[in-house]
Amino acid sequence: MPRPLLALLIALAAAAALSAYSDHFDAYYLDVAIGIGINLILAVSLNLVNGYTGQFSLGHAGFMSVGAYLSAALTMWLGPALLQGSESAFWPPQYLFFAALLTGGLSAALAGLLVGLPSLRLKGDYLAIVTLGFGEIIRVIFQNCEPLGGALGLNGIPAYTSVFWVLSFGALTIFTVHCLVHSTYGLGFIATKDDEIAAEAIGLNVTRYKITAFVVGAFFAGIAGGLYAHFKQTISPGGFDFNRSIEIVVMVILGGMGNTVGVILAAILLTLLPEVLRPVAEFRMIIYSFLLIVLMLVRPKGLFNFPGRSAKS
Amino acid sequence: MIEFFQQLLNGLSLGAIFALIALGYTMVYGVLRFINFAHSDVFMVGAYAGYYIGRFVPEHTVWGGLAALAVAMTICAVLGVIIERLAYRPLRSAPTLNVLITAIGVSLLLQNLGQFFFGATPRPFPELFPVTLFIFHGIYISSNQLVVIGVTLALLFALRFIVLRTKIGTAMRAVSQNPKAASLVGINNDLVISFTFALGSALAAAGGMLYALNYPSIDPLMGVLPGLKAFVAAVLGGIGNIPGAALGGLLLGVVETFVNGSKDWSTYKDAIAFALLILMLLFRPAGLLGSFTKEKV
Amino acid sequence: MRLLLVTCCIAIFTLSLRAAEPIKIGEFASLTGKQASFGQTNHRGAVFAVEEINAAGGIFGRPLELITADTRSLPGEAATVVKKLIARDKVTAIVGETGSAAALEAAPLCQAAGVPMITATATNPRVTEQGSYIFRACFIDPFQGTVLAQFAHHTLHARRVAVLVAAGNAYSVGLAQYFKINFTALGGQIIAEQKYAEGDKDFRAQLTAIKAIQPDAIFASGDYVESALSCVQARQLGITAPFLGGDTWDSPALIAIGGSAVDGSYFSAHFSPEAKELAVQHFVHRFRARWGELPDTGSSLGYDAVLVLADALRRAHSTEGAKIRDALATTRNFPGVTGRITMDAQRNASKAAVIFTIKTGQFVYLETIAP
């Protein structure tokens with residue numbers, strides 16, 4: 001059995017085991033772990049788009065919001081109808097949740113397609129602004145959508161997210177991105193990032209790589225959004241704005257664009273840091289932004305970019 | 001009919017502010033080929049500079065207002081040069097993506113430092129210029145709106161003069177066309193770039209102060225949305241093109257005002273601005289007045 | 001000798017108070033960020049109440065401890081900090097938040113955890129609909145809308161009113177909704193409804209459209225920044241109709257930003273420091289001595305919320321969530337500084353509203369409208 005697949009199965013088993021014992025852990029630490037997991041999925045999925053394929057997307061939070069809203073809508077509206085009369089308290093809700101997450105992910109993937117297609121011809125700064133624009137457009141649409149709560153958003157979303165789901169999907173995300181990029185086909189992503197014209201010249205379908213990156217990245221962002229919605233139990237359009245996208249981008253930059261391990265470490269670090277720095281929360285953002293600047297000046301390849309591990313770039 | 005002209009005027013005065021900020025974006029992009037995300041926050045610093053200076057000058061005087069404007073522009077020009085020197089210059093030869101990220105970092109830093117030092121609560125901006133209301137055939141114009149339009153036009157012409165008729169302006173155009181060749185003919189690229197930033201930041205400061213005059217409530221995050229809109233305006237007009245930025249700004253201001261005044265679409269106006277941007281980039285990436293340069297291998 | 005005895009007594013008393021385990025009350029408020037001015041006054045009121053209660057001996061011998069968390073005016077933060085207050089700090093009850101959106105975030109969490117929550121100033125009715133543990137020390141928007149509609153119709157004799165709403169703001173939308181319903185029920189006409197996005201600064205477009213149909217009054221339910229700016233711009237456009245607003249207008253910043261443009265406008269609020277009752281005057285005096293400023297809506301309601309909670313704690317004689325909840329639900333005619341507070345069946349306070357007008361840069365109390 002290939003190593004990545006083995007690793008995935010072990011991870012899934014560990015997730016199941018961990019969640020079976022979750023009652024023994026402090027609720028606060030579990031919450032932090034779930035937070036880390038969600039950020040991990042977001043960062044690794046963005047890494048595919050920004051890091052490996054070199055498409056600077058600043059609208060990732062938009063995909064997250066699509067997943068969040070649609071999965072929540074499913075569980076909140078269809079849930080009671082579907083779950084009525086079910087005897088077990090455990091199984092049907094979990095199936096429903098899984099279906100909801102998938103719906104959210106697929107809708108987000110569709111959004112990724114819609115955003116990726118027009119952005120094909122754009123590079124660098126333009127692409128960044130356009131993805132930012134798309135993120136804002138998605139936010140405004142949700143803000144005006146009364147059935148989805150309008151500006152106030154949705155609250156009272158059932159708390160289906162558990163350590164199991166978060167860790168499982170986290171493992172799945174890492175597995176997918178890793179396998180995608182470290183395959184022969186996957187070298188095309190890196191080629192697209194390195195030199196688009198040269199890649200086209202040797203016959204690679206650059207368009208297909210870019211679209212794939214956007215769609216896969218958006219799919220997992222949508223999953224993360226669904227997990228987030230059923231964790232915080234309340235979502236509003238304002239929580240998925242430009243600042244959220246930037247937070248995810250910072251994780252990718254910190255970890256090193258195109259370096260999955262680094263990005264994972266960065267996601268963990270940047271989820272723990274706000275909790276640790278909560279007493280000095282005002283300084284957190286100042287430190288963040290300062291960090292961003294210093295990082296670009298001193299270690300543009302990221303904090304956790306160890307030689308020999310990252311994709312050549 | 002009166003309503004239409006009133007809305008048009010409203011749109012023009014809003015658009016003048018977008019134009020002022022857009023000018024700064026377009027200048028820096030023209031010379032350095034990157035979007036200075038921090039521009040919108042220099043705008044905010046300009047507004048706060050005007051606020052603090054406003055405490056020392058008497059209200060409702062023309063000389064007070066102009067003095068505040070001049071001092072704010074100077075402070076931000078210096079700020080712009082400092083930012084360029086510390087954050088952008090070391091990355092001159094790095095991929096544009098890195099500079100973009102640094103720019104985002106500087107922008108966030110300014111916003112958060114602003115929240116820390118100034119407090120996030122909005123503050124009322126003093127009335128620096130004398131305020132009168134003009135009524136012309138049923139159309140109401142505030143003197144502040146005229147100040148905005150007037151100052152924007154004046155700065156626009158001043159900018160065009162500098163770029164087309166002065167040595168440093170010629171040097172700016174040279175660097176924007178080909179930096180290597182420019183340094184070969186003896187132009188001090190560093191100086192030119194610093195000057196460009198100083199100029200752009202001064203414009204941002206003017207924009208900030210005029211914005212604050214018209215909407216007298218300032219807060220550290222006030223630059224974010226106007227900055228994005230101004231960038232859209234710059235792209236609409238053709239990024240790197242100075243008259244284009246002005247045109248784009250006015251256009252966006254008018255479109256946004258008419259959307260705002262319509263009953264059902266006003267809440268979508270941000271989305272419409274970005275949709276315009278996306279459409280423009282898809283169908284005419286060079287903008288209205290710009291020219292498209294083919295990417296050579 | 002007597003002095004020594006007295007000192008010893010005080011020492012033993014305070015020592016025993018300190019030795020007695022404090023009752024933890026969680027507070028979540030926007031101490032920084034856009035809503036900071038409201039969050040800060042609310043916080044001051046709550047702190048003042050806790051100080052006075054503790055100075056008087058606490059609740060059955062135990063001091064109150066206020067654990068405050070800053071929600072920074074950001075969406076999502078309220079849920080996070082309230083979770084922490086419940087799980088980590090193990091608070092007995094929670095006070096907060098000033099804004100309806102943040103209160104709505106936290107309410108389901110408090111309900112699920114069985115921790116009683118009382119909000120001082122959130123007026124959106126959905127907050128208390130979240131469950132039996134959620135209470136409110138102020139009136140709700142349906143009532144406020146009715147009050148303003150009555151005032152507009154009976155006192156201002158307005159028949160044609162235009163409405164200016166902050167579309168992204170649940171409070172603004174809700175209040176405007178209730179105003180519209182009640183005003184039309186009284187026979188008035190809503191001739192226009194213009195929307196803007198929260199955070200907007202330019203309303204000239206909407207106001208120009210409103211001007212064209214010449215309303216008797218303009219109802220603006222946005223926050224004080226937006227409302228003040230819309231007054232300024234309305235006057236600049238030559239609109240002379242008075243403005244009508246809700247309790248978000250109740251801030252000195254309204255006058256600082258609006259200047260003379262807000263003169264002649266009206267708004268509803270929870271509290272007036274000019275109210276004649278002796279208890280209120282005493283409170284104003286003590287509050288001013290403590291903080292150096294007059295109490296406003298936020299601080300007086302924050303004060304009352306804690307007082308109502310303390311009263312419930314005393315009557316429940318326990319720190320169990322369910323008992324406190326029951327005690328809170330049976331609050332009748334509690335003498336708060338903002339009026340007599342009775343919890344109705346929906347756990348909202350049934351109270352009167354006051355109408356202010358603005359004359360030459362001062363809030364002037366006009367009348368009180370009871371439910």
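Chain B meets chain C through 24 of its residues, which are in contact with 27 residues of chain C; contact means that C-beta atoms, placed from the backbone, lie within 7 Å. This is a predicted model, in which local features need pLDDT of at least 70, side-chain atom pairs count only at pLDDT 80 or more, and totals for chains, interfaces and linings use all residues. Residues are numbered from 1 along each chain as its sequence is written, while chains are lettered from A and ligands numbered from 1 in the order in which they are written.

**The side of chain B that touches chain C**
- Two or more residues each come from α1 (2-32), β2 (133-136), β3 (139-142), α10 (242-261) and α11 (269-283) of chain B; helices (H or I, at least four residues) and strands (E, at least two) are DSSP runs, numbered from the N terminus.
- The largest share, five residues, belongs to α1(B).

**Chain C as a whole**
- Chain C contains twelve helices and 14 strands.
- Its C-alpha atoms fill a box of roughly 80 × 45 × 35 Å along the principal axes.
- Of the 371 residues of chain C, 60% are buried, that is, 20 or more other C-beta atoms, placed from the backbone, lie within 10 Å of the residue's own.

**Helix α7 of chain C**
- Eight of the nine residues of α7(C) (204-212) are buried, among them Arg204(C), Leu207(C) and Lys211(C).
- The cover over these buried residues includes α1 and α10 of chain B, along with β6 (160-166), β7 (189-196), β8 (217-220) and α8 (224-236) of chain C.
- After α7(C) comes Gln214(C), which has a positive phi near 50°.

Terms used. Two residues are in contact if their C-beta atoms, placed from the backbone, lie within 7 Å. A residue is buried if 20 or more other C-beta atoms lie within 10 Å of its own, exposed if 12 or fewer, and partly exposed in between; C-beta atoms are placed from the backbone.
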